[in-house]
Amino acid sequence: MPRLLRSSAALLLLLTASATTPPSDDVSCTPLTDLQQRMPTWVGSVPYSHLVNKSWSYPTDCSGFVSWALQLGRDAKAYEYASDALSTRIATDDLRYGDVITHVFDKTPLDRCSKMDLDDDGAADSAQGLPDEGVGIVGDLVGDLGHVSGHVFFFDKWDDEATKSSFWAYESTETQDQTEACLAQKGLLTRSACLNHYVLKSRDTPDKWRRENCSDPKYGSVSGGPRRLLPDRKS
């Protein structure tokens, strides 16, 4: 077979594989010591924005912060962190430093999300009915080119290891546990008063979000709640 023809065939095979297989991030393991140094860097100083920040080379929204801290090499979105391509589901009680907590929901009429179980009182808990945390107006309207919407942040530690009723988290958001000044802003892409924060959260949040399950066109099933990054993301 002529060399040019062989090259064309190889290129066609590569393009076909890329179109049918969800991409994997070919990055080296992120040491926990590096993660511990990066996570606090944005707290109280970096505002929320969907735009790529020249200083950080990532958007400074929820997924941009997580991707930057991991030095992933690209801005993986919240629904990607909620997929088995980047993480695995864990129990809320098993959360430890460096785990992520995800929230997935559908802002379109496609009805791609559902509950995985019921509330304690037996009432249905629909993913569509949950509040919209950390995705912004642009994300609400168009999503990420047809993907489901979502939110993601880092778990740091339990406030009390004995009760595990609340925990500390690192998060970029324009709504979740934010200040009045932040909530008063209505910018479409950037909100200067919505700074990255280190915040105390109730375990009710991951307990509720872990019931969410959505169907994504690229990754298939994606689920909310506590998730552990795959070994090649951190060590």
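Me: What makes β9 and β10 a pair of strands?

Reply: In this predicted model, four bridges join β9 (residues 212-216) to β10. Pairing requires at least two bridges, so β9 and β10 count as paired. They run antiparallel, and S215 stands opposite S221 in β10.

Me: Why are β4 and β10 called edge strands?

Reply: The sheet is open and has three strands in the order β4-β9-β10, with antiparallel pairing. β4 (113-115) and β10 (220-223) each pair on one side only. Neighbouring strands of this sheet are turned by 25° against each other on average, direction ignored.

Me: What makes the set of 22 residues a nonpolar core?

Reply: Such a core consists of buried residues of nonpolar type joined through side-chain atoms within 4.5 Å. The largest set of this kind has 22 residues, and L35, F65, V66, L70, Y81, V152 and F154 have the most contacts inside it. The elements giving two or more residues are α3 (62-70), α4 (78-81) and β5 (149-158); α3 gives the most, with six. A second, separate core of nine residues includes I101, F155, W158 and A169.

Me: How do you know that V66 touches Y81?

Reply: A contact means heavy atoms within 4.5 Å, and V66 meets this criterion with Y81, V100, V152, F153 and F154, not counting residues up to four places away in sequence.

Me: Where is confidence lowest, and where is it highest?

Reply: The mean pLDDT is lowest in helix α1 (residues 3-20), at 33, and highest in strand β6 (residues 166-171), at 98. Over residues 1-27 the pLDDT is below 50, and it also stays under 50 over residues 118-143. The chain averages 80.

Notes: Residues numbered from 1 in each chain as written. Predicted model: local features only at pLDDT ≥ 70, side-chain atom pairs only at ≥ 80, totals over all residues. Heavy atoms only, no water. pLDDT = per-residue confidence, 0-100. Buried < 20%, exposed > 50% of the residue type's maximum accessible area, 1.4 Å probe, protein only. Axes fitted to C-alpha atoms, helices over the stretch in contact; angles between N-to-C directions.
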